[in-house]
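This briefing is intended for reading alongside the sequence and the three-dimensional structure. Please keep both in view while working through the points.

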Amino acid sequence: MKISNYLKKAIGIVSLLMLAILFAGCSSTKASSKKVIHISYWHVNAQTQGGTAVDKLVKDFNKTHKYIKVTAKYNPNMYQGLMQNLQSAQAAGKVPDIVQVGWAYTNYFASNFKYLTPTDAQSKFDNSKTFINKNFSKQTLSFAKDSKNNLVGLPYSLSTPVLYYNKTMLDKYGINADNLSTWEGVRTAAKKIKEASGNYGLYIQEPGDTWAQQAVLLSNGAQIKKDGKAAFASESGTKAYQFYQDMVVKEKTALHTPWAQGIDDFLNGKVAIAYTTVAQASHIKKSANFDAEALTSPHFKGHKATVPVGGSMLAITAQKSEQQKAAWTFEKYMYKNSSLVTWSKGTGYLPPTESALTSQDFKTYLNENPMLKAATSQIKTAVPWTSFPKNGLQAEQTMIDARDKILSGSNVQETLKSAQEKINE
């Protein structure tokens with residue numbers, strides 16, 4: 001009897017152990033079945049324009065999301081370079097999962113690439129279905145809509161061009177910054193700088209786009225596109241470009257050089273005034289060994305300052321559902337207030353959501369970095385960056401080529417007219 005009870009107990013213990021092992025095996029199988037989803041994020045942010053902030057955001061996301069792994073890839077030559085790389089990737093069938101798309105390429109992207117709209121992503125993967133309307137104003141969302149009024153991506157980077165100036169240099173040569181509100185005033189100041197020091201007075205950014213040049217033309221009453229066609233070779237557009245060319249070619253008071261070199265020359269004291277994106281504010285503040293300040297965009301006399309909004313949207317190009325869901329999760333993380341303020345601090349870009357823009361953290365940062373105030377005062381009246389449709393990549397390159405020819409001395413009217421006709425063909 002005693003032996004029988006002992007055997008019963010032993011059998012019971014063994015049975016429990018076997019069940020425990022069985023359930024442990026099931027649990028292990030279930031846990032291991034949840035695989036890590038890998039997604040790639042393509043961006044245009046060099047280390048001097050937010051690259052460090054991108055690295056931090058991706059690293060923090062990967063730490064807090066066990067089953068999603070994001071790999072960031074920097075694309076040189078700004079948004080044009082990214083679009084060219086995306087074109088090649090699509091042809092090879094190996095597209096990234098989420099990309100930064102510059103506003104100038106909204107229609108081009110919508111016409112040429114396969115993507116998941118934010119509206120569809122929200123519908124498929126978001127339980128609340130209110131994320132978009134809750135976080136973005138109608139004006140901000142309008143920047144990310146194509147010519148058919150479809151929302152292509154979610155606004156991410158918002159910027160305007162601002163006029164940075166070397167206050168130390170201007171004070172030295174008796175130039176009042178209040179006189180820089182017009183392009184005519186900037187020209188007068190540039191001449192004085194050149195005559196007194198031999199340094200250049202002005203540099204207008206020249207990356208792989210004509211965003212800043214478009215702002216100059218718009219502020220002389222010109223239009224870049226009208227009734228769906230290029231229209232920049234108008235009388236007012238030609239006059240604005242002629243004014244710009246004269247400073248570069250005849251007077252040699254303005255510098256014609258690639259963007260990175262132009263910003264370096266401003267930081268090294270070889271240029272007194274730089275007209276470039278507010279996204280350079282953090283880099284300028286960190287690198288300048290002089291008193292750097294910023295003003296709102298100038299205008300030509302008789303006209304008002306008109307600036308196109310700069311920056312980008314985030315668009316989902318992932319083709320498989322699980323990658324699309326992971327990309328949407330990553331996007332929502334990037335739009336948290338803390339993430340957007342980290343992004344702003346690393347660049348100078350303005351937050352695209354009202355909650356981040358009015359957060360105490362961003363207000364504190366704004367008070368500590370007054371150069372951003374020029375951009376915040378302009379963003380509410382900014383106009384969309386001109387975006388050409390299916391052949392938008394070639395259209396932008398045509399305008400870049402025209403800019404470079406004009407700043408090298410070619411006939412302004414003929415060059416603009418030829419570029420306009422080429423785009424409209």
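The points below are grouped by topic, from the whole chain to single residues.

The model is a predicted one. Its protein chain has 425 residues, of which 53% count as buried, and the secondary structure comes to 20 helices and 12 strands.

**Overall dimensions and surface**

- Along the principal axes, the C-alpha atoms of the protein chain fill a box of roughly 115 × 50 × 35 Å.
- The protein chain exposes about 19,800 Å², and carbon and sulfur atoms supply 53% of that area.
- Among contacts between residues at least 6 apart in sequence, 75% join residues at least 24 apart.
- The protein chain carries 50 positive and 31 negative side chains. The centres of these two sets of charges lie 13 Å apart.

**Nonpolar core**

- In soluble globular proteins, nonpolar side chains tend to be buried together.
- The largest nonpolar core of this model has 136 residues. Within this core, Tyr-41, Met-83 and Trp-183 touch the most other members.
- Beyond four places in sequence, the residues touched by Trp-183 include Leu-163, Leu-202, Ile-204, Val-216 and Phe-243. Contacts of Trp-183 also include Ser-219, Tyr-275, Pro-298, His-299 and Phe-300.

**Helix 12 and its surroundings**

- Helix 12 spans residues 259–267, and its buried residues are Trp-259, Gly-262, Ile-263, Asp-265, Phe-266 and Leu-267.
- These buried residues pack against three helical or strand elements given here with their ranges, among others: helix 3 (78–92), strand 5 (161–166) and strand 6 (200–204). The packing partners of helix 12 also include strand 9, strand 10 (271–277) and helix 13 (281–287).
- Just after helix 12, Gly-269 takes a positive phi of about 80 degrees.

**Salt bridges within helices**

- The structure holds 11 salt bridges.
- Lys-167 forms one of them with Asp-171, with the closest N and O atoms 2.8 Å apart. The two residues are 4 apart in helix 8 (residues 167–172), which means that about one helical turn separates them.
- Both partners of this pair are partly exposed: Lys-167 has a relative accessible area of 26%, and Asp-171 has a relative accessibility of 46%.
- Glu-235 forms a salt bridge with Lys-239, the closest N and O atoms being 3.3 Å apart. Because Glu-235 and Lys-239 are 4 residues apart in helix 11, about one helical turn lies between them.
- Glu-235 counts as exposed, at 58% relative accessibility.
- An α-helix has 3.6 residues a turn, so residues three or four places apart point the same way.

**A salt bridge between separate parts of the chain**

- The side chains of Glu-251 and Lys-191 meet in a salt bridge, with an N to O distance of 3.9 Å. Glu-251 lies in the loop between helix 11 (235–250) and strand 9 (254–255), whereas Lys-191 lies in helix 9 (residues 183–197), so the pair ties together parts that are 60 residues apart in sequence.
- Glu-251 is partly exposed, with a relative accessible area of 23%. Lys-191 is also partly exposed, at 34% relative accessibility.
- Both residues belong to a network of salt bridges that links Arg-187, Lys-191, Asp-246, Lys-250 and Glu-251.

**Positive phi in residues other than glycine**

- Asn-149 is not a glycine, yet has a positive phi of about 70 degrees. Asn-149 sits in the loop between helix 7 (138–142) and strand 4 (154–159), and counts as exposed at 54% relative accessibility.
- Lys-252 has a phi near 55 degrees, a positive value in a residue other than glycine. Its place is in the loop between helix 11 and strand 9.
- At 46% relative accessibility, Lys-252 counts as partly exposed.

**Surroundings of Gln-90**

- Gln-90 lies in helix 3 and is partly exposed, with a relative accessible area of 30%.
- Setting aside neighbours within four places in sequence, Gln-90 is in contact with Val-95, Asn-112, Phe-113 and Lys-114.
- Gln-90 and Thr-317 are 227 residues apart in sequence, while their C-alpha atoms are 9.8 Å apart in space.

Definitions and conventions:
Residues numbered from 1 in each chain as written. Heavy atoms only, no water. Core = buried A, V, L, I, M, F, W, Y, C linked by side-chain atoms within 4.5 Å. Buried < 20%, exposed > 50% of the residue type's maximum accessible area, 1.4 Å probe, protein only. Contact = heavy atoms within 4.5 Å. Salt bridge = Lys/Arg side-chain N within 4 Å of Asp/Glu carboxyl O. Areas by Shrake-Rupley, 256 points an atom, 1.4 Å probe, with all protein chains shown as cover. Lys, Arg positive; Asp, Glu negative; His and termini not counted. Charge placed at Lys NZ, Arg CZ, Asp CG, Glu CD.
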